[in-house]
Amino acid sequence: MNHRPTPTRRTILTGATATVIGFNTTTRTWATTTDTPTPGRITPLPPIQGTLTTDTTTRDTHAHDFGRLTTTTPYAVLTPTGPADIATIINYARRNNLKVAMNGQSGTGTELESHSNYGQAGVAGGISINARALNRIHAITPTNATVDAGVTWAQLTDATLTHNLTPPCLTDYLHLSIGGTISVGGIGSTVHKHGLQADTVESIEIVTGTGRILTASPTHNPTLFHTALAGAGQVGIITRATLKLIPAPKNARVFTLTYNDQHTFLTDQQTILNDGRFPSQIGEILIQPNGQPPRYKIEAVAHYNTTTPNPTPLLTNLNPTTTDITDQTYHDYTHRADTFADTIKNLGYWNAPKPWLSLFLPATTTPQFLNHALPQITPQDIGAGLLLCYPFHTNKLTHPLAITPNEPTTYLFDLLTFPHPDTNPQPALQRNRTLYNTATQLGAKRYLVGAIPHMTPHDWQTHYGPHWTTLTTAKNTYDPTHTLTPGQNIFP
Ligand SMILES: Cc1cc2nc3c(=O)[nH]c(=O)nc-3n(C[C@H](O)[C@H](O)[C@H](O)COP(=O)(O)OP(=O)(O)OC[C@H]3O[C@@H](n4cnc5c(N)ncnc54)[C@H](O)[C@@H]3O)c2cc1C
């Protein structure tokens, strides 16, 4: 049987000349106005305001992510005008056994892509939603901002700084979609004060896997709210969020403290964390050539408007080998990764495979893990990248699916490698898997971002521990057909 519905004026465009009229559930291909009729049943596509595109170029831009380690080509790309289009497409996908996922399409200029590392936004053979189509900042008040999910943290920060306001927690690199980072967590240098970016969300608008457009907050649909944030896109597609804002400082005084030994580095990190003397705190491990011991660095930042902070009390009881103090505007500090990104792009490393590994280590076993892992990591592995390592208190995190070790303090271990573009990524992927196995035996948890191959259902169950039930119950409620976000590979 061949049903060929008549396209309406608002149905969906594709390629240069054709219009998608429906999905052929027999041949599992899209039927367009220019196709020669093929046998099979075509389910007519309901009208939408946006566009559904099936041309190869557009699908290719959604087939890869920043990690350049996977290929997940969708059947089609939805450019929505709002949540109603997403709801229509989710309902259509459910009826036709198609998968749907939001793709952050973050970055700068024309270089937009998902900044996932291992296909987390991928939806092979399904429908990928272009988040960048939802790009409006709706309101900025003295205490919060309401934005579409495709707005980047850079766009929001630039807008709020003109009101002397800032999001409390910013990722190191700002050109990431707000919907993307709050779906995975979103960590940055102020996590020890404000929690993850997901913890700074006051309310969301979300399209569930059952195609319902809902709002959610801690008091309204709280289960949906708490399982959407840091929930890996498993219960819904976040279309809008209201995010907390705080007064922005004008300047940043950056203290760069270096260390030759790990013990003093970790002790000073803990001292700074415990007394909260710096509003911003990160750390880095500097892998040395020829098997020499690593060096360590703390970057702690004090904020100010006019009077530069006195270094003496800020450095009390710290024992770095060297101390360097510089001042810059708060804006420049928040955008500090831009220069780094430009350098990497100019070197030609940006578009090469990057097998990143992001873990949360329990503070008590962090030295043991570092002593095991660091000798296995060479300067060639790191390439033009870096290895971040800094602590925060786990009680700052408010959403159950933002999983960290069962200890008061955790260390982010963030292996952000940019190997030489000719490097075969397979050994590094295997290294990630092996380090993950060791880390979990020491009580660590993975961050949802990064590239850890061969995650099994048992691995995920172990990862979520007591919150596996939280996740599966929410999944069964809000996405019972498992339509959403297959690239996270949590529900294969
Ligand atoms: C250069 C660089 C620097 C980074 N720095 C940091 C950092 O400092 N801190 C940090 O925490 N992370 C950092 N990351 C990782 C970042 O958090 C992830 O890349 C994250 O996935 C956000 O990227 P994205 O906005 O492109 O979203 P995507 O990667 O496209 O999406 C992430 C996941 O969420 C889903 N998703 C996306 N949008 C939505 C939505 N609106 N609703 C529901 N699900 C959605 C996707 O399907 C996917 O599963 C960095 C990444 C890069 C490449």
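Two residues are in contact if their C-beta atoms, placed from the backbone, lie within 7 Å. The structure is a predicted model, in which local features need pLDDT of at least 70, side-chain atom pairs count only at pLDDT 80 or more, and totals for chains, interfaces and linings use all residues. Residues are numbered from 1 along each chain as its sequence is written. Helices (H or I, at least four residues) and strands (E, at least two) are DSSP runs, numbered from the N terminus.

**Helix α15**

- Helix α15 covers residues 468–478, and its buried residues are Leu471, Ala474 and Tyr478.
- A residue is buried if 20 or more other C-beta atoms lie within 10 Å of its own, exposed if 12 or fewer, and partly exposed in between, with C-beta atoms placed from the backbone.
- Seen down the axis of α15, the buried residues fall within an arc of 70 degrees, so they line one face of the helix; the arc is that of the directions from the helix axis to the C-beta atoms.
- Thr469, Thr473 and Asn476 are exposed on the other side of α15.
- The cover over the buried residues of α15 includes β14 (201–208), α6 (222–228), β16 (236–244) and α14 (457–464).

**Domains**

- The protein is divided into domain 1 (12–132), domain 2 (137–247) and domain 3 (251–456), with bounds from an automatic or database domain assignment.
- Between domain 1 and domain 2, the C-alpha centres lie 25 Å apart.
- In domain 1, 17 residues are in contact with 16 residues of domain 2.
- On the side of domain 1 that touches domain 2, two or more residues come from each of α2 (83–95), β7 (100–103) and β8 (106–108), and α2 gives the most, with six residues.

**Nonpolar core**

- A nonpolar core is a set of buried Ala, Val, Leu, Ile, Met, Phe, Trp, Tyr and Cys residues joined through C-beta atoms within 7 Å.
- The largest nonpolar core has 123 residues, of which Ile89, Val100, Ile127, Ile129, Ala228 and Ala241 touch the most other members.
- Helix α2 supplies the largest share of this core, six residues.
- Leaving aside neighbours within four places in sequence, Ile129 is in contact with residues including Leu78, Ile86, Val100 and Ile237.

**Ligand shell**

- The ligand is surrounded by 35 residues, and the closest are Gly104, His115, Gly179, Gly180 and Gly233; a residue counts as near if its C-beta atom, placed from the backbone, lies within 6 Å.
- Two or more residues of the shell come from each of β7, α4 (178–184) and β16, and α4 gives the most, with five residues.
- Domain 1 and domain 2 each supply at least three residues of the shell.
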